[in-house]
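Thanks, everyone. I'll go through one structure, taking a strand pair, a core, a helix and a second sheet in turn.

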Amino acid sequence: MCKIYGIIEGVAVKKESEIILYHKLKYCTKELWKLLAIITIALFIIITIAFIKYNPVYAVKINDEIIGYVKSKKVMENIINEQVLTSDNPCAIFTELTVEPTYELKLSNIVANDEEKVAQILSENTTTMYKVYAIALNGEIDSYVNTLEEAENIVADMKNEYSEDVAQISIQEQYTKNFESIGTETLEVAKAKVNSGLRDIKTEKERIAAATLNGVYFSVKPVSGNITSRYGAVETSVRDHAHGGLDIAAPYGTSIKAAAEGTISYSGWMSGYGYLIIIDHANGVQTYYGHCSKLYASVGEEVAAGDVIAAVGSTGNSTGNHLHLEIRLNGEKVNPQSYIYK
Ligand SMILES: [Zn+2]
């Protein structure tokens, strides 16, 4: 026989201890619910009080440093887009922040109205990409303008004013973050600069042309010094014929430089000239360097304008240290001063 002590939720309970356990559990659960309810209500009251006393604000930070407090992250982001990331400069393509602001939600009694201050600080931490137009003469940039229209205007004007062969004038589109240092000009200033650049190129071209014989440009004075006898001079005390070259006085040993590039075709003693160097240039043009004390270049050697080829002396038919310079075209002597030592 088995004694039944009671029925719990339709199940017969045979032991007294099970009934006690059941009632204990039921009691505990009830107490637990009560406690949870109290905690929830308490939390709600605390949060409500906190929200009444303190406002939720966003601390805006750059590199973990608070730069201001704002009410709304979204409003601040709109202000950044509309104020910080825009530029009045018509050349600006886009602006970006060089720092990354972070937002931290806080409960505080701070008045969060630093939107303008935050925008100002962020504005100081931006880079902007600009598009400008460079005007180049023979590939070298002469000046910058803001718009393609201005650049085209200048090019058209210059093409009217100068013949095409003065210089190649072109427009280059350029992107830069250093707008200030590039320094774009107004249309009139840029036009004047380009004009002056072209004038310089034209002058230089004319200067080179004036120092060029049959395609050979004499860019270097072989020695610097006083001219003591000119081409064609008749000085019976010195020689019995008109002077076929140009005499330039210089101290003994002074370096003599090649007047233009070419190939050494003579390096040695020649009657009257003493120690002599002859350089063959292009197109039947030659230069003679006479009365040298030393010869540094040898026959067959290729020299560039300015290369040292000999030293000043007084060898041969000479009365003092000087360079006797001749320029010949197809063997005929020409006046060196038509091209150098003008
Ligand atoms: Zn001479």
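Start with Lys-294, which stands opposite Ala-311 in E20. Before going on, a note on the source: this is a predicted model, where local features need pLDDT of at least 70, side-chain atom pairs count only at pLDDT 80 or more, and totals for chains, interfaces and linings use all residues. Residues are numbered from 1 along each chain as its sequence is written. Helices (H or I, at least four residues) and strands (E, at least two) are DSSP runs, numbered from the N terminus.

E18 and E20, residues 308-311, are antiparallel and joined by two bridges. Two strands count as paired if DSSP finds at least two bridges between them. The open sheet here has three strands, in the order E14-E20-E18, with antiparallel pairing. E14 (255-257) and E18 (294-295) are the edge strands; each has a single partner, so one side of each is left without a neighbour in the sheet.

Now the core. By nonpolar core I mean buried Ala, Val, Leu, Ile, Met, Phe, Trp, Tyr and Cys residues joined through C-beta atoms within 7 Å. Buried means 20 or more other C-beta atoms within 10 Å of the residue's own, exposed means 12 or fewer, and partly exposed is in between, with C-beta atoms placed from the backbone. The largest core has 35 residues, and those with the most contacts inside it are Ile-256, Ile-277, Tyr-289, Cys-292 and Ala-310. Strand E16 (274-280) is among the elements giving two or more residues to this core, as are E17 (285-292) and E20. E16 gives the most, five residues. A second, separate core has 14 residues, including Tyr-130 and Val-194.

Which residues does Cys-292 touch? Leaving out residues up to four places away in sequence, its contacts include Ile-256, Ile-277, Ala-310 and Ala-311. Contact here means C-beta atoms, placed from the backbone, within 7 Å.

Next, helix H4, residues 148-161. Glu-150, Ala-151 and Ile-154 are buried in H4. They cover an arc of only 100° around the axis, which puts them on the same side of H4; the arc is taken from the directions from the helix axis to the C-beta atoms. Glu-149, Ala-156, Lys-159 and Asn-160, on the other side, are exposed. Strand E7 (126-137) and helix H6 (187-210) are among what covers the buried residues.

Last, the other sheet. It is open and antiparallel, in the order E4-E3-E6. Seven bridges join E3 (residues 55-62) to E6, and Asn-55 has Ser-108 as its bridge partner in E6.

Notes
Contact = placed C-beta atoms within 7 Å.
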